[in-house]
Amino acid sequence: MASSAIPGAHITAVKPGITFENSVKPYVAALGMERKKEASWTQLASISHFSSTKPRLQSLTSRPLKFKVATTRAMASANESSPLPGLPIDLRGKRAFIAGIADDNGYGWAIAKSLAAAGAEILVGTWVPALNIFETSLRRGKFDESRVLPDGSLMEITKVYPLDAVYDCPEDVPEDIKTNKRYAGNTKWTVKEVAESVKEDFGSIDILVHSLANGPEVSKPLLETSRNGYLAAISASSYSFVSLLKYFAPIINPGGATISLTYIASEKIIPGYGGGMSSAKAALESDTQVLAFEAGRKHKIRVNTISAGPLRSRAAKAIGFIDMMIDYSLENAPLQKELSAEEVGNAAAFLASPLASAITGAVVYVDNGLNAMGVGVDSPIFANLDIPKSK
């Protein structure tokens with residue numbers, strides 16, 4: 001039978017609430033149609049492959065049949081240029097505290113942007129010695145270009161708190177730190193005090209992000225690392241997350257999420273990543289599983305960590321070989337492209353959202369797949385192998 005146009009068809013686009021960075025806006029195409037068509041039972045039988053019933057229906061062939069096509073809902077229109085459907089990351093009404101932001105080019109900043117793009121309110125905890133520079137740069141608009149969200153608006157940071165996550169409470173702060181001029185003029189910056197300040201200012205939060213690490217002897221091989229250097233790396237890079245969750249958990253709403261950042265050196269050898277930092281990341285991943293159980297049972301909070309690939313951030317540059325690690329990743333990862341901070345931020349937004357409500361205790365790799373590799377395929381030993389490469 002010849003095909004005919006469908007009269008009365010219309011498309012209605014339904015806007016979602018909030019979408020997050022680089023995602024397309026989902027649309028639901030509602031296709032409503034009502035069509036009257038006359039057909040003999042013979043024709044209907046032919047179309048529907050009812051040939052076996054034809055003899056029984058012959059007496060009805062002289063009577064025309066009218067029927068209506070039920071209204072259907074299509075998830076996408078026939079026009080390929082129309083926006084694709086999808087699940088929005090909607091964090092409107094949620095409040096996030098991100099510990100460890102001191103500039104606009106690290107993973108912490110990228111996570112804050114993705115959370116803000118999804119609708120979350122942003123609070124920040126900044127290392128006390130870096131607080132003045134950070135707040136001044138923010139106030140003078142030096143970060144404005146980096147604050148731009150997908151909809152063209154600027155990310156707003158509701159409040160910046162001074163924070164040094166190495167110290168749990170005022171009693172832990174040594175005298176030389178109390179009198180240090182870099183801490184002068186700032187108060188209530190230990191983990192316990194910051195949690196109390198956030199509670200006093202806002203009552204509660206929904207998302208806690210740990211984006212800080214420090215290893216004073218990171219450039220030293222493990223065999224040359226001092227006890228103090230090793231323990232300092234563990235304290236700043238691993239236990240700081242335990243401390244944050246300990247004091248913030250009572251003000252995190254049930255169903256809330258916490259996210260930390262780890263690195264593949266926790267499980268694979270990365271020469272040059274020393275000073276106990278590999279041990280600190282391994283401890284962080286182990287703690288993620290234990291805390292997922294404890295915080296999940298006691299507070300209904302999810303605990304995950306993101307194992308992010310190399311990024312040219314200010315902190316990473318201090319290690320001294322970040323460019324080599326990025327080049328190595330480009331040559332050996334399954335996806336041959338440079339990792340962007342935005343990709344890690346988007347993964348964090350997903351983990352913080354209700355879409356990840358059953359994910360906890362997980363190490364989520366966002367590294368272009370480098371974690372899956374057992375060998376470096378750029379080695380000369382594989383020169384004669386036909387190894388596929390990105391064009």
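Q: Let's start with K300: is that residue buried or exposed?
A: K300 is exposed, with a relative accessible area of 59%. Keep in mind that this is a predicted model.

Q: Where in the chain is K300?
A: K300 sits in the loop between helix 8 and strand 8, the latter being residues 302-308.

Q: And what's its phi, given that K300 is not a glycine?
A: The phi of K300 is positive, about 60°. For background, most residues other than glycine have a negative phi.

Q: Which other residue has a phi near 60° without being glycine?
A: N368 has one: its phi is positive and near 60°. N368 lies in the segment after strand 9.

Q: Is N368 buried or exposed?
A: N368 counts as buried, at 8% relative accessibility. The cut-off for buried is under 20% relative accessible area. K300, by contrast, is exposed at 59%.

Q: OK, zooming out. How many helices and strands does the chain have?
A: There are 11 helices and 9 strands. The chain runs to 391 residues, and 42% of them count as buried.

Q: What share of the contacts with a separation of 6 or more comes from residues 24 or more positions apart?
A: Those pairs account for 76% of them.

Q: How many bridges join strand 3 to strand 6?
A: There are 4 bridges between strand 3 (residues 95-99) and strand 6 (residues 205-210), and the two run parallel. Within that pair, A96 stands opposite I207 of strand 6.

Q: And how many join strand 3 to strand 4?
A: That pair has 5 bridges, and again the strands run parallel. F97 has L123 in strand 4 as its bridge partner.

Q: Why is strand 4 described as largely enclosed by the rest of the structure?
A: Because 5 of its 7 residues are buried.

Q: What about A120, where's that?
A: A120 is in the loop between helix 3 (107-117) and strand 4. A120 counts as buried, at 9% relative accessibility.

Q: What does A120 contact, leaving aside neighbours within four places in sequence?
A: A120 is in contact with L91, K94 and L115. The C-alpha atoms of A120 and R95 are separated by 5.4 Å, with the two residues 25 apart along the chain.

Q: Switching to helices. How do helix 7 and helix 8 cross?
A: Their axes come within 9 Å and cross at roughly 20°. Helix 7 and helix 8 are therefore roughly parallel to each other. The crossing is right-handed.

Q: Which residues of helix 7 and helix 8 meet there?
A: From helix 7 they are Y230, A233, I234, S237, S238, F241, V242 and L245. Helix 8 brings M277, S279, A280, A283, L284, D287, L291 and A295. Sorted by class, that contact has 12 nonpolar, 3 polar and 1 charged residues.

Q: And what angle do helix 6 and helix 7 pack at?
A: About 35°, with the axes of helix 6 and helix 7 lying 9 Å apart. Helix 6 passes helix 7 in a right-handed crossing. Helix 6 uses V191, K192, V194, A195 and V198 for the contact, while helix 7 uses S243, L244, Y247 and F248. That contact has 7 nonpolar, 1 polar and 1 charged residues.

Q: Last one: where is A352?
A: A352 is in helix 11, residues 341-352. A352 counts as buried, at 9% relative accessibility.

Q: What is A352 in contact with, beyond its neighbours within four places in sequence?
A: A352 is in contact with L91, L115, I207, A257, I259 and R302. L91 and L115 are also among the contacts of A120, and I207 stands opposite A96. V303 is 49 residues from A352 in sequence and 9.6 Å away in space, C-alpha to C-alpha.

Key: Residues numbered from 1 in each chain as written. Predicted model: local features only at pLDDT ≥ 70, side-chain atom pairs only at ≥ 80, totals over all residues. Heavy atoms only, no water. Pairing = 2+ DSSP bridges. Axes fitted to C-alpha atoms, helices over the stretch in contact; angles between N-to-C directions. Parallel < 35°, antiparallel > 145°, perpendicular 65-115°, else oblique. Left-handed = near helix turned anticlockwise from the far one by under 90°. Contact = heavy atoms within 4.5 Å. Nonpolar A, V, L, I, M, F, W, Y, C, P; charged D, E, K, R; others polar. Buried < 20%, exposed > 50% of the residue type's maximum accessible area, 1.4 Å probe, protein only.
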